Amino acid sequence: MANRIAIIGVGQTYHTSKRPDVCIPELCNEAIRAALKDAELTIKDIDAVVVGNMELFEGRYHQDLWQVDYVGSYHKPGFRVTTGGTTGGTLACTAFFCAASRLFDVVMAVTFEKQSEGDSRAGLKTVADPLWDRWISTGAIGTFARLGTWYMKESGATEEHAALVRLKADRNACLNPHAHLKLHLNTVEDVLKSEMLVPPLKRLDMCPTSEGACAIIVASEKKAKKLSRKPVWVKDWIEVHNETRYNRGDPVSLENLEKAALTIYKRNGITNPRRDISMAEIYEPSTWAELVWSEAFHFCEKGEAYKLIERGITNRDGEFPVNPSGGVIATNPIGATGMIRVAEAALQIRDDAGAHQVDRQVKKTFTTAWGGSSWTVAHLLSKTLN
Amino acid sequence: MNRKVGIVAVAQTEYEEAKPAWREAEITHQVVEKLSEETGLNFAEDGTGIDATVTCSSDHWDGRTLSDIPHGEVAGAHLRAEEKVSSDGINAVIYAYLQILSGHYDVVLVVATCKESQTVGHIIENLAFDPVYQQKIDLDFLAAAALQANRYIHKYGITPEQRARVVVKNRGNARNNPFAQLRAPVSMDEVLSSPMLAYPLRSLEAKPVSDGACGLILASEEKARKLAKKPVWIVGMGQCYESHYLGDRDLAECDALSLAAKNAYRQAGITDPMRDINLAEISEYCSYQELFWSEGLGFCGKGEGGKLADKGVTESGGKLPVNPSGGILSGNPTLVAGTARVAEVALQLMGKASARQIPKAKTGLAHGTYGPCGQHHAVLVLQA
């Protein structure tokens with residue numbers, strides 16, 4: 001079993017479409033200052049700094065080098081890790097590995113995206129294999145349109161159910177001071193009438209293009225107990241990548257998500273996720289993703305996720321809140337997105353989420369990151385050490 | 001108690017000026033196959049196989065977002081864990097080391113790959129500089145190295161002959177390394193009269209364009225003892241960043257390297273590196289760097305790197321052989337270079353370095369660096 005560690009600080013910038021007022025390292029600096037303030041530490045308390053983002057999106061080579069003077073890694077150890085859309089989730093794992101290695105006591109992880117300085121869609125198109133797949137590469141929108149079509153056929157869900165997911169995300173985002181899109185939507189109609197992208201996917205079924213940064217501070221058991229009044233214990237984490245072939249016939253590619261969840265449940269004695277876990281913050285770039293992936297994570301039976309949203313089970317005040325922060329549908333600074341899930345879950349466990357704090361008591365949380373061809377990272381956080 | 005972590009196998013491709021017949025992932029695959037053959041390990045998930053993969057490649061060099069897709073899928077990352085460390089490859093090894101120390105994994109595969117021949121390094125390296133001040137003056141790592149070389153030479157009186165001696169030594173060593181790209185020795189005169197590349201650095205003083213891959217398998221103590229007759233143990237690790245803006249630094253000092261080495265030495269119980277270390281593989285992308293980094297590593301005092309070379313201390317028969325493999329000057333791709341340093345030290349300590357074997361090597365040091373003028377340094381101390 002891994003050495004025990006805890007999250008002792010989290011910080012985010014506000015998220016918006018464009019931040020012309022700051023450069024990339026300055027954006028990251030806002031997040032690390034917030035995390036240090038949250039942890040009541042100074043940069044001198046940090047032993048190592050690990051960073052990550054989408055490598056090609058802003059075009060920077062060895063992005064970590066420029067960040068050094070702004071994220072406090074000057075004369076400190078550090079890594080630059082990047083795994084595409086999962087980067088934020090992976091960087092949380094990187095901090096977990098470092099703190100659990102016992103070579104470092106307190107580790108800070110910083111992730112960001114500043115998409116206005118690059119071309120994300122051009123970046124995403126080059127994910128596909130240049131020889132086999134690039135000619136059919138569509139970026140994210142095609143992927144989720146296909147997911148929606150498939151799911152409606154499989155389960156009998158309708159576009160209205162996807163719209164309900166958006167309404168929930170928007171309600172939550174409006175309560176979250178860090179969220180990007182706060183649309184104050186009222187009805188299913190408000191969502192359904194938004195511009196069609198690729199059927200059945202409408203503009204409001206998709207996440208926005210956001211800029212922002214997120215940082216977390218992770219400490220060894222001993223240091224966490226000494227430094228933090230409210231340590232959030234990291235119970236387990238897992239990363240599941242796969243072979244990427246767009247043309248191999250599987251329209252939805254759920255096996256990564258399912259394997260990540262089931263492995264982490266099994267290792268931690270979770271037999272009924274909705275009972276044994278208090279809430280989830282999952283990486284859902286589209287309304288359809290929240291529905292289908294809730295099933296892949298076994299929050300419900302196959303083909304029944306639309307009933308979760310129909311019955312309000314995943315609402316902030318529901319039995320099993322999913323993405324009380326407003327989720328990725330409301331805020332998506334890609335490289336940071338996976339880490340925001342972890343930071344938000346930690347806030348919920350600490351009862352520090354403020355207006356978007358869930359109604360039920362939060363003891364354990366399940367968080368995920370998603371990227372590549374359904375690459376999945378999952379973490380299990382806990383209020384108590386044992 | 002901290003766990004102990006060992007290197008159980010290493011593999012390299014031959015490094016070549018270009019490998020037009022192979023795609024990036026195929027180069028990675030050649031290394032993975034060798035490692036699998038040598039250890040008998042596969043990707044079984046019942047605790048008998050490789051638990052996780054760390055890749056090292058770059059979206060920029062591969063011209064593709066998520067460059068770890070092709071590398072990961074030939075390195076066991078189908079429905080399994082894979083992470084990409086996108087910096088010099090020694091950090092991928094260190095990352096795997098931390099993963100095992102954490103108790104999360106027991107056996108981790110590391111593989112670094114780069115095909116420099118496919119693109120123009122200048123364009124990529126220029127993107128590593130901040131876009132406001134430094135990128136616009138068209139710097140790349142070679143131009144930055146030339147600035148540093150000038151400052152270092154000016155401050156400490158390093159001579160062209162001392163720098164050339166590094167090249168002659170390393171190219172001479174490469175004759176014994178079947179994986180090296182440049183295996184023809186060069187003379188002092190040839191180095192000193194080779195065309196000027198970026199003053200004061202001449203073309204033979206800089207690394208060549210290179211393609212290839214290098215990989216290792218790391219394991220926890222219990223597994224390592226089962227997987228290899230003579231695992232090589234990681235006993236010290238240090239890493240350190242320097243400030244980014246060249247104008248904020250005295251380029252003739254390498255404090256970040258000294259700090260990284262200090263940590264690694266403390267963990268390894270090394271008090272006198274010249275006495276306690278039997279060989280070192282140092283990342284010398286340019287001639288002066290081997291002299292300069294030797295100072296940072298504490299092999300000699302500040303400004304004394306040139307004298308170290310004069311005395312022949314770092315020759316393969318010397319007191320502290322440096323780069324018996326021929327080093328990066330004999331041809332290693334960027335990113336792969338640091339992984340190759342670790343692999344070469346491991347081979348030495350396993351007694352498997354064939355014609356380049358340093359007799360009775362028990363403790364070795366591997367060093368990796370990336371960024372302009374050594375902005376990030378990493379040091380590993382290994383023991384037989």
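Mentor: Before looking at any strand, keep one rule in mind: two strands pair if DSSP finds at least two bridges between them. Helices (H or I, at least four residues) and strands (E, at least two) are themselves DSSP runs, numbered from the N terminus. This is a predicted model, in which local features need pLDDT of at least 70 and side-chain atom pairs count only at pLDDT 80 or more, whereas totals for chains, interfaces and linings use all residues. Residues are numbered from 1 along each chain as its sequence is written, while chains are lettered from A and ligands numbered from 1 in the order in which they are written.

Trainee: In which sense do β8(B) and β11(B) pair, and over how many bridges?

Mentor: Strand β11 of chain B, residues 376–383, pairs with β8(B) in the antiparallel sense, over eight bridges.

Trainee: How many residues of β8(B) are buried?

Mentor: A residue is buried if 20 or more other C-beta atoms, placed from the backbone, lie within 10 Å of its own, exposed if 12 or fewer do, and partly exposed in between. Eight of the 10 residues of β8(B) are buried, so this strand is largely enclosed by the rest of the structure.

Trainee: How many residues of helix α11(A) are buried, and which helices do they pack against?

Mentor: Helix α11 of chain A, residues 287–296, is mostly covered, with 10 of its 10 residues buried; among them are Trp288(A), Leu291(A), Trp293(A) and also Glu290(A) and Glu295(A). These buried residues pack against α5 (140–155), α6 (159–175), α9 (255–267), α12 (305–310) and α13 (327–330) of chain A. After α11(A) comes His298(A), which has a positive phi, near 65°.

Trainee: Where is Lys307(A) placed, and why does it count as buried, exposed or partly exposed?

Mentor: Lys307(A) lies in helix α12 of chain A. It counts as partly exposed because it has 15 C-beta neighbours inside 10 Å. The C-alpha atom of Lys307(A) is separated by 39 Å from that of Gly118(A), a residue 189 places away along the chain.

Trainee: How should I read the radius of gyration of chain A?

Mentor: The radius of gyration is taken over C-alpha atoms, and the globule rule to set beside it is 2.2 Å times the number of residues to the power 0.38. Chain A has 14 helices and 11 strands. Its radius of gyration is 19 Å, close to the 21 Å that the rule gives for 386 residues, so chain A is as compact as a globular protein of that length. Along the principal axes, its C-alpha atoms fill a box of roughly 55 × 45 × 40 Å, and 63% of its 386 residues are buried.

Trainee: Which domains does the assignment give for chain A?

Mentor: Domain bounds come from an automatic or database domain assignment. For chain A this gives domain 1 (5–120 + 210–232) and domain 2 (124–208 + 235–382), whose centres, taken over C-alpha atoms, are 23 Å apart. Two residues are in contact if their C-beta atoms, placed from the backbone, lie within 7 Å; by this rule 35 residues of domain 1 and 33 residues of domain 2 of chain A take part. On the side of domain 1 that touches domain 2, the elements giving two or more residues are β1 (5–12), α3 (87–100), β4 (106–114) and β7 (211–220) of chain A, and α3(A) gives the most, with eight residues.

Trainee: How many residues of chain B are in contact with chain A, and which element of chain B gives the most?

Mentor: In chain B 45 residues are in contact with 49 residues of chain A. Elements of chain B that each supply at least two residues include α3 (68–73), α4 (90–101), β8 (232–241) and α10 (255–268), and α4(B) gives the most, with five residues. This side of chain B divides into 18 nonpolar, 17 polar and 10 charged residues, where Ala, Val, Leu, Ile, Met, Phe, Trp, Tyr, Cys and Pro count as nonpolar, Asp, Glu, Lys and Arg as charged, and the others, Gly among them, as polar.
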